[in-house]
Amino acid sequence: MGILLDVAYFTAAVLFILGLKQMASPVTARRGIVWAGAGMVLATAVTFFHPEVEGLTNYLLIFLAIGLGGGLAWWSGKKVAMTDMPQMIALYNGMGGGAAAGIGVIALMQAQDMSLLIQGIAAVGVLIGAVAFSGSLVAFAKLQGIMQKTMRFSGQQWFNLLIFAITLGLGLMLAFAGNEVSGAALLAFVLLALAFGVLMTLPIGGADMPVVISLYNALTGLAVGFKGLVLDNPALMIAGIVVGAAGTLLTQLMARAMNRSLASVLFSGFGDTGSAQSGEATGSMKPIDAADVGVMMAFADKVIVIPGYGMAVAQAQHKVWELCQLLIERGVKVRFAIHPVAGRMPGHMNVLLAEAGVPYDLIQDLDEINQEFETTDVALVIGANDVVNPVARTDPSSPIYGMPILNADKARNVIVVKRGQGAGFSGIENALFFLDQTRMLYGDGQSVAAELIQAVKSL
Amino acid sequence: MIEGFIALYIFMLAAFTGYEVIARVPVILHTPLMSGSNFIHGIVLIGTMVALGHAQTPLEQAIGFVAVVLGAGNAVGGYVVTERMLEMFKSSRKDG
């Protein structure tokens, strides 16, 4: 039986790596997740024959737990709207972290002649897993809008550091406890680790949440890898560490796309300090009718659509694509410009547009499209705000200074579709709205798009 | 038992693999890829199964049970959302 397990786990590890590799290209991505899924099914199936799995009650419990957890996750995963994907990823990731912590707790409770190294790694795994668990749940609650955006108090970082130091001390104690692991110390260790995850995530603003989720994703991977070492299971080690490394890189890429360092995401406040900035934009916002915009776009040579989260919230992507198809039929060159952090996560907007049926070769990212704005007749900004704010280029005192933006202000005409006159996610006034060539088209994204379709059709 | 240095080699090679696999990925795939890697660490499920499988006391069984529920949620949920996202990637050349 041992050889069957080894072969199955080895195959699963190969499938995971190949699957992940294929997921890194849009052409093969579909196949990638199926391969990884096959690896998961194989590894799970053979684990029922693992020599350490014994006792009828335990078998029953395993079946019941898989049915319960898997069933709930299946149901929620199928049901969730595409716009809510980021928080679902946070939730499932948190579950993985909790599971890894659970393994570590049981291993420590059963500690019998464990080597110091393994016992230490078990404790570290519990710490990382528990932090990823509670941190991810807070991230979920924030994105879902259950929890207030940020929570701060003076000396918070010192308080967090203190909690972390105590947790680490307890962890060391557990690592050196040998066969005499105290239940009370273990419980305190888990509770403190959970508390630290919550405390660490509370002060982080909503705009930085994707980076944080990605970080917790990497942490869970690391915790899983460590558990693999504790359980002597190479499949867990390989899959966990691969995700840990890939997740770390992904976190860095995301942070870089927002022009933020990981340290500044974790230890500084953003998202609520921005509102203190006074809006110094001069001029006024000039409204326009949908009918006029329809004419403007229908007779343009080149239109660039800049979608933002607002469009997704209004569920307007289908209507916007319908509008673009009409324009394309009339011979207008239409493209979608996606900022790296459009939506709530890098790549999130691409998924939402793909859902509406927009072919991915019409979707271009910042580097590809930024030179083209100067030759563009109409830039249609729909539901986006901070990512087209020119102060990121011009005003060093702005909190978003230095962030790469889409140069919509270089287009000959800019149409901004917006619900009201409020500021963006970061609370910063947008200078683009006050430019001479900018017109504001007020209204809900979906109904505005419908009006534009009518306007173009009636020509 | 996987000996200390063998474990270290596995960790090192796996870390490089993970880094290399992601290194040249287009931005449009960041979210699906994060979701996909989130699914892959759902392999923690088999670890929780083993942990529950050799649980002896009711307390260990209770913790193990919760761990398997969470692990299964990670694996299944991760798969479902990743699959749903990737399903949407189509090229205009295919469906004109």
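Analyst: Happy to! Let's begin with a term: a contact means heavy atoms within 4.5 Å. This is a predicted model, so local features need pLDDT of at least 70 and side-chain atom pairs count only at pLDDT 80 or more, while totals for chains, interfaces and linings use all residues. Residues are numbered from 1 along each chain as its sequence is written, chains are lettered from A and ligands numbered from 1 in the order in which they are written, and side-chain values use heavy atoms, with hydrogens and water left out.

Chain B has five helices and zero strands, and its pattern along the sequence is α-α-α-α-α. Helices here are DSSP runs of H or I with at least four residues and strands are runs of E with at least two, both numbered from the N terminus. Of the 96 residues in chain B, 65% count as buried, where buried means under 20% relative accessible area, exposed over 50% and partly exposed in between, using a 1.4 Å probe and protein chains only. Chain B exposes about 3700 Å², with carbon and sulfur atoms supplying 68% of that area; such areas come from the Shrake-Rupley method with a 1.4 Å probe, and for residues only the protein chains shown count as cover.

Now to the interface itself. On one side, 99 residues of chain A are in contact with 78 residues of chain B. The two chains bury about 8300 Å² between them, and 79% of that is on carbon and sulfur atoms. Ile33(A), Met40(A) and Ile106(A) together supply 7% of the area that chain A buries against chain B, more than any other three residues. Buried area is the accessible area (1.4 Å probe) that two parts lose on being put together, summed over both.

On the polar side, 17 residue pairs are in polar contact between chain A and chain B, both residues being at pLDDT 80 or more. Helix 9 of chain A gives the largest share, 16 residues. By residue type, the side of chain A that touches chain B divides into 65 nonpolar, 25 polar and nine charged. In that count Ala, Val, Leu, Ile, Met, Phe, Trp, Tyr, Cys and Pro are nonpolar, Asp, Glu, Lys and Arg are charged, and the others, Gly among them, are polar. A polar contact is a pair of N or O atoms within 3.5 Å; within protein, one must be able to donate a hydrogen and the other to accept it, and residues adjacent in sequence count only if both atoms are side-chain atoms.

For salt bridges, the rule is a side-chain nitrogen of Lys or Arg within 4 Å of a carboxyl oxygen of Asp or Glu. It finds one across the interface of chain A and chain B. There, Glu83(B) pairs with Arg30(A), with the closest N and O atoms 3.0 Å apart. The pair crosses from helix 4 (residues 58–86) of chain B to helix 2 of chain A. Glu83(B) is buried at 15% relative accessible area, whereas Arg30(A) is partly exposed at 36%.

Lys302(A) and Glu372(A) form one, their closest N and O atoms being 3.2 Å apart. Lys302(A) is in strand 1 of chain A and Glu372(A) in the loop between helix 15 (366–369) and strand 4 (378–382), so the pair ties together parts 70 residues apart in sequence. Lys302(A) is buried at 13% relative accessibility, and its side chain also makes a polar contact of 2.8 Å with that of Thr375(A). In another salt bridge, the side chains of Arg412(A) and Asp377(A) meet at 2.7 Å, N to O. Arg412(A) sits in the loop between helix 16 (391–394) and strand 5 and Asp377(A) in the loop between helix 15 and strand 4, so this pair ties together parts 35 residues apart in sequence. Arg412(A) is partly exposed at 47%, while Asp377(A) is buried at 14%. Finally, salt bridges with shared partners join Lys302(A), Arg335(A) and Glu372(A) into one network.
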